[in-house]
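Please open the structure in your viewer and keep the selection tool at hand. The tour below goes from one selection to the next and says what is to be found at each stop.

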Amino acid sequence: MQPKNILIVGVGGLGQSLVQESLLRGLSVSVLVRNRSKLEAVLDAATLSKLTKIFVGDGTDAKTLDEAMQGIDVVLSGRGADPTLAKALAVAVKRNGVGKLTWPGGTTNVMAEDGITPNYKQLKHLGSWVEGAYKVHGASIAAIQNEHINYVIFCPGRMQSVGKRNPDVASTIRINRDAGPFVSYEDAAWVILEAATTSTYDHQLISAATQV
């Protein structure tokens, strides 16, 4: 059965696109945010009216997560590089019997094009931040994997909005391999929702790219 009830935790740049993509797919969309005023500033009234529920609270608080995850099939995180949140979401997904957690990791944490070299080693010429990103994303990924839940981790390069989805994004998806240095929020949301609503990429690290 295809999942129908989605909880999106964090509605920043990626989270906004996750909301829009989920609604386009006809899903029941709830959100968990820290600040309702900020949510209302980034989503228009028509979009807000389509949300099933809006929960306001800390995404690492067990009681808040238990309330938000009732009746939820899949949890989508709009925030990565946060091992504390990754652990809290994974534990809550397991505790509440949610079917899957999707998480945005980093392109540093998949393999390079040759399928042998860790990608962060190929990217070290970009600066000292690369190894730091690799470590913090790795800690987030490990926190999820260690809970033995069903997950999909999307490992993109740099992300920002381009205002539209690339119709060819599906052809760029790679399993545990770098697909490119950039993906738009719109394309990232499509990939994440495709992973969230099918079993195709379960228990995988996936990447995708956008031509810019």
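Contact, a word used at several stops, means heavy atoms within 4.5 Å. Helices (H or I, at least four residues) and strands (E, at least two) are DSSP runs, numbered from the N terminus. The model is a predicted one, in which local features need pLDDT of at least 70 and side-chain atom pairs count only at pLDDT 80 or more, while totals for chains, interfaces and linings use all residues. Residues are numbered from 1 along each chain as its sequence is written, and side-chain values use heavy atoms, with hydrogens and water left out.

**The sheet**

Begin by selecting the strands of the sheet, where two strands count as paired if DSSP finds at least two bridges between them. Eight strands form an open sheet of mixed pairing, in the order 3-2-1-4-5-6-10-8. At its edges are strand 3 (53-56) and strand 8 (174-175), each of which pairs on one side only. Strands of a sheet pair through backbone hydrogen bonds, either parallel or antiparallel.

Strand 1 and strand 4 pair in the parallel sense over four bridges, and here V9 stands opposite S77 of strand 4. Strand 4 and strand 5 also pair in the parallel sense, over three bridges, with K100 in strand 5 as the bridge partner of V74. Is strand 4 covered on one face or on both? Both faces are covered, since V74 and L76 on one side and V75 and S77 on the other are all buried, where buried means under 20% relative accessible area, exposed over 50%, and partly exposed in between (1.4 Å probe, protein chains only).

Further along the sheet, select residues 151-154 and 204-207, which are strand 6 and strand 10; the two run parallel and are joined by three bridges. The bridge partner of I153 in strand 10 is L205.

Now select D82, which lies in the loop between strand 4 and helix 5. D82 is buried, with a relative accessible area of 16%, and, not counting residues up to four places away in sequence, it touches W103 and S140.

From there, move to helix 5 (residues 83-96), which lies across strand 1, strand 4 and strand 5 and runs at about 170° to strand 5; such angles run from 0 to 180 degrees between N-to-C directions, and axes are lines fitted to C-alpha atoms, for helices over the stretch in contact. The buried residues of helix 5 are L85, A86, A88, L89, A90, A92 and V93, and they pack against strand 1, helix 4 (62-68), strand 4, strand 5 and helix 7 (129-145). Helix 5 is followed by G97, whose phi is positive, near 65°.

**Helix 1 and helix 8**

Which residues of the two helices meet? G13, L14, S17, L18, E21 and S22 in helix 1 meet Y185, E186, A188, A189, W190, I192 and L193 in helix 8. The axes of helix 1 and helix 8 come within 8 Å and cross at roughly 55°.
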